[in-house]
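Visitor: Please show me the structure, and then let me ask what stands behind the words you use for it.

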Amino acid sequence: MTTAHAPGSVTTVFAPGEGSDDAGSLGTSFTTADGVTATVEPAAETTVELDGEPTGFPPVEGVLRRLDATAAVSLSAEVPVGAGFGASGAATLATVLAADAEFGPNRDREALVTAAHRAEVEAGTGLGDVFVQARGGLVWNTGDGVGRAERTDAVSYATYGDRRTADVLGDADAMARVRRAADDAFEEFDPAGPLADLFDCSWTFADRTGLPSDRVREAVAAVERAGGAATMAMVGETVVGVGADDTLPETTRITTEGAALR
Ligand SMILES: Nc1ncnc2c1ncn2[C@@H]1O[C@H](COP(=O)(O)OP(=O)(O)OP(=O)(O)O)[C@@H](O)[C@H]1O
Ligand SMILES: CC(C)(CO)[C@@H](O)C(=O)[O-]
């Protein structure tokens, strides 16, 4: 039995990449210390459980097929699933690291991360989360290559429900709005600046995409009234904020640690 952990990741601005699927998306994201743990054991056929309950998990099942492995996968999530924390990517990345260590043949890390990414793209559950989760930190690509900053800021959040990323990525009108709004947001982005400025600029992006629900809008407004800054975690019913500690009930922090065996 082998266990691996991958951090969650929150994407605040994104745009689909223009190149091959393997290039990942453009955007700004940060990894969260809270993530997903996967424990993998040999089994005649693949099964997945999440926090003790049997479930279907297409990108996890897909990445095992890519390794030509069958396994019993037990996932434990410290962040909500389907809520903008990249839990699907974290589950897939932790599974592929653990499965390769358990079954061999000890592929290099880049090959495993690429396999996780392809499984995410195929399932429609992510466009680049696993690259961020493999690295850790504040990670961005606004069109000039990947940048990374070692940040450990505290972040508060509230989650109001789940929303399938695949539904949003498959909506052509929504994605056209996303592309237009991202172009402007990338011009404002300053990776060395305070997180509050990133969240303000990200909220301008989110607002223009039309993706935030009324509940998300109300929570962002409440944080702003309390003197903080907040935005929507793409693509979930989740608000992340700084500077208004009591307004959002949960807390996590940016981690610089990427996915690893435990
Ligand atoms: N109990 C569950 N609730 C929600 N999703 C679940 C559950 N069990 C398994 N899944 C799977 O988890 C995946 C959730 O993927 P999705 O991309 O929507 O969310 P996420 O990765 O947590 O968030 P995001 O991509 O928005 O950051 C889907 O493949 C879904 O089938
Ligand atoms: C698709 C996405 C913007 C939202 O889940 C992000 O997770 C990504 O880039 O993989």
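Guide: The largest pocket has a volume of about 840 Å³, where a volume is the space filled by probe spheres set on grid points that are joined across faces, edges and corners. This is a predicted model, in which local features need pLDDT of at least 70 and side-chain atom pairs count only at pLDDT 80 or more, while totals for chains, interfaces and linings use all residues. Residues are numbered from 1 along each chain as its sequence is written, chains are lettered from A and ligands numbered from 1 in the order in which they are written, and side-chain values use heavy atoms, with hydrogens and water left out.

Visitor: What makes a space a pocket, and which residues lie nearest the centre of the largest pocket?

Guide: On a 1 Å grid over the protein atoms alone, a cavity is a set of points where a 1.4 Å probe fits but cannot get out, whereas a pocket is an open set with protein on both sides within 12 Å along at least five of seven lines, and lining residues have an atom within 4 Å of a point. The lining of the largest pocket comprises 46 residues, and Ser88, Thr125, Gly126, Asp129 and Thr165 lie nearest its centre. By class, 23 of the lining residues are nonpolar, 18 polar and five charged; here Ala, Val, Leu, Ile, Met, Phe, Trp, Tyr, Cys and Pro count as nonpolar, Asp, Glu, Lys and Arg as charged, and the others, Gly among them, as polar.

Visitor: How do you know which pocket ligand 2 takes up?

Guide: A molecule sits in a pocket if more than half of its atoms lie within 2 Å of its grid points, and the space taken by ligand 2 is the largest pocket.

Visitor: What polar contacts does ligand 2 have with Ser25, Leu127 and Asp129?

Guide: A polar contact is a pair of N or O atoms within 3.5 Å; within protein, one must be able to donate a hydrogen and the other to accept it, and residues adjacent in sequence count only if both atoms are side-chain atoms. An oxygen atom of ligand 2 is 2.9 Å from an N or O atom in the side chain of Ser25, so that pair falls within the 3.5 Å limit. An oxygen atom of ligand 2 is also 2.6 Å from a polar backbone atom of Leu127, and a polar side-chain atom of Asp129 lies 2.6 Å from an oxygen atom of ligand 2. Taken alone, ligand 2 exposes 280 Å², of which the protein buries 96%, with accessible areas from the Shrake-Rupley method and a 1.4 Å probe.

Visitor: What are the corresponding values for ligand 1?

Guide: An oxygen atom of ligand 1 is 2.7 Å from a polar backbone atom of Gly82, and an oxygen atom of ligand 1 is 2.6 Å from an N or O atom in the side chain of Ser88. Taken alone, ligand 1 exposes 640 Å², and the protein buries 87% of that.
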